[in-house]
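User: I would like to learn how to read a few features from a model. Please take me through them one at a time.

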Amino acid sequence: MAAENPVESLQEEVTCPVCLEYFTEPVSLECGHNFCRACIAQCWEGSDTAASCPQCRETVQQGNLRPNKQLANVIEIAKRLSLQPAKGTGGDGVCREQQEALKMFCEEDQTPICVVCDRSRAHHAHTVVPIQEAAQEYKEGIQAHLKILREEREKLLGLKAIGEGNSQEYLKQTQTERQKIVSEFQELREFLEEQERLLLAQLEKLDEEIVRIQNENVSKLSEQISYLSELISEMEGKCQKPASEFLQDIRRTLSRCEKGKFQQPEEISPELEERVSDFSQKTIVLLETLGKFKDTLPSALEMKRGASLGTFRQVNVTLDPDTAHPDLILSEDWKRLRLGDTRQQLPNNPERFDPWPCVLGCEGFTSGRHCWEVEVEVGDGRCWAVGVARESVGRKGEISTSPEGGIWAVRRLGNRFRALTSPVTRLPLSRAPSRIRVCLDCDRGQVTFIDAGDEAPIFTFPPGPIPGERIRPWFWVGMGSQLRLCP
């Protein structure tokens with residue numbers, strides 16, 4: 001075995017056992033072991049005056065630390081020696097054992113060796129090549145790996161740039177939407193404030209009119225009460241007098257009693273009563289409208305926000321001809337469907353709808369958020385329905401076009417728009433949509449329909465459990481209507 005390298009031994013002796021670096025301000029303990037002053041202070045932090053040596057665990061007194069100046073001098077010498085090339089260390093192309101230049105490379109051991117080691121028993125049966133040849137071979141291999149790594153880095157940089165660009169575009173869209181919302185709600189606030197001022201001003205005028213009439217009636221009634229009280233006292237006094245005196249001027253007394261009959265106070269005029277009634281009716285209508293607005297605003301905002309293209313993955317939907325009713329005519333690219341005049345001779349396979357003129361999309365989804373758009377080309381019939389259906393939805397005979405039957409859809413029959421709930425829900429649309437966006441959120445179990453023309457919400461089926469099977473696009477058309485799946 002080769003002798004131990006003296007430089008390494010020296011470096012080991014001047015290395016702190018705690019930080020494994022050259023000693024800094026070395027101090028000696030009572031047991032004879034040496035440590036950096038900062039290292040031993042950190043080891044003893046929080047302990048009492050008596051502590052133990054980190055190396056031998058012998059109990060020592062903290063106050064008996066002695067600076068080791070001789071060790072500090074040796075450290076300086078070791079630092080200077082370590083800057084010089086040490087012979088026999090294996091560095092600078094020299095064999096550690098033979099002190100010969102490293103000119104060969106052992107393929108089995110994957111290490112440089114000298115010519116003496118090449119002839120030794122340790123490497124006699126190994127494949128040995130010149131070190132320059134081996135270096136060139138491994139460099140070529142490393143260069144090949146570097147090429148692949150650089151290509152991967154370029155791909156990642158490209159993806160990073162695309163992601164940053166998309167993020168900026170989405171941020172622009174959200175900023176635009178934010179400005180729209182702020183502007184719309186500012187106008188709404190101004191409208192409501194103006195309505196509040198007008199209604200309160202009208203109420204103030206009505207209050208003044210009612211109070212005026214009330215005050216006038218109270219004043220007149222008070223006068224009549226006072227007059228009648230005096231007349232009653234006078235008549236009671238006359239009744240107490242003797243008959244001859246009582247009957248004197250009896251005609252005038254009877255006349256005064258008749259004139260003293262009670263007079264009705266002024267009633268609220270029909271005009272004022274009508275004004276109060278109209279105002280009350282107007283207030284009721286306004287409050288009902290505001291109540292409906294407050295009830296529908298959160299769901300409408302959620303529906304429109306949730307169905308924005310930025311949060312759903314757009315998919316390219318095609319029609320599945322194996323599920324199409326024999327009366328349906330599909331285009332060659334499986335993007336259009338309409339109701340034909342005659343039934344086609346098609347195999348009555350289990351997947352095919354019959355007798356309902358329906359067809360499913362080829363695509364199916366079990367998780368995630370997906371959307372696609374359908375263009376409606378309406379003829380005289382104006383009959384169609386779009387939505388989604390379970391994979392196991394009934395295909396033969398009478399089927400239930402409702403969530404209970406495995407279908408979530410909206411439908412048009414003539415001028416009537418309905419959501420196919422159970423029972424059906426009337427859709428008060430201001431205009432017939434020509435392009436409908438269907439948004440399927442499998443994770444929430446929610447289906448939303450949007451008018452893709454103006455982003456107005458059409459209907460949202462409430463969230464619910466989605467069955468553990470594929471959900472597929474679903475379509476139905478009547479005579480005179482045609483549906484086209486948008487790319």
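User: How many salt bridges does a search of the whole structure find?

Analyst: Some ground rules come before the count. This is a predicted model, where local features need pLDDT of at least 70, side-chain atom pairs count only at pLDDT 80 or more, and totals for chains, interfaces and linings use all residues. Residues are numbered from 1 along each chain as its sequence is written, and side-chain values use heavy atoms, with hydrogens and water left out. Now the general idea: side chains of opposite charge can pair when their charged atoms come close. The cut-off for a salt bridge is a side-chain nitrogen of Lys or Arg within 4 Å of a carboxyl oxygen of Asp or Glu. The whole structure holds 21 salt bridges.

User: How far apart are N and O in the salt bridge of Lys155 and Glu152?

Analyst: The distance is 3.9 Å, N to O. Both residues belong to helix H5 and are three residues apart, so about one helical turn separates Lys155 and Glu152. Helices are DSSP runs (H or I, at least four residues), strands are runs of E (at least two), and both are numbered from the N terminus.

User: Which side chain meets Glu177 in a salt bridge?

Analyst: Lys180 does, at 3.7 Å, N to O. Glu177 and Lys180 are three residues apart in helix H5, so they too sit about one helical turn from each other. Glu177 is partly exposed because its relative accessible area is 39%. Lys180 is at 48%, so it also counts as partly exposed.

User: Which residue forms a salt bridge with Arg470?

Analyst: Glu391 does, with the closest N and O atoms 3.1 Å apart. This pair links distant parts of the chain, 79 residues apart. Arg470 is in the loop between strand E20 (456–461) and strand E21 (471–477). Glu391 is in the loop between strand E14 (383–390) and strand E15 (407–413). Arg470 is partly exposed because its relative accessible area is 34%. Glu391 is partly exposed because its relative accessibility is 24%. Salt bridges that share partners join Asp320, Glu391, Arg470 and Arg472 into one network.

User: What about cavities: how many of 30 Å³ or more does the search find?

Analyst: A cavity is a set of points on a 1 Å grid over the protein atoms alone, where a 1.4 Å probe fits but cannot get out; lining residues have an atom within 4 Å of a point. Its volume is the space filled by probe spheres set on the points, which are joined across faces, edges and corners. The search finds one cavity of 30 Å³ or more. The largest cavity holds about 40 Å³ of space.

User: Which residues line the largest cavity?

Analyst: Trp384, Val410, Arg411, Phe417, Leu427, Leu429, Pro433, Ile436 and Ile458 line it. By class, this lining has eight nonpolar residues, no polar and one charged. Here Ala, Val, Leu, Ile, Met, Phe, Trp, Tyr, Cys and Pro count as nonpolar, Asp, Glu, Lys and Arg as charged, and the others, Gly among them, as polar.

User: Where is Glu375, and how far is it from Ser434 in space?

Analyst: Glu375 is in strand E13 (residues 369–378). Glu375 and Ser434 are 59 residues apart in sequence, yet 5.9 Å apart in space, C-alpha to C-alpha. Glu375 counts as partly exposed because its relative accessibility is 21%.

Methods. 1 Å grid on protein atoms, 1.4 Å probe; cavity = no way out; pocket = protein on both sides within 12 Å on 5 of 7 lines; lining within 4 Å. Buried < 20%, exposed > 50% of the residue type's maximum accessible area, 1.4 Å probe, protein only.
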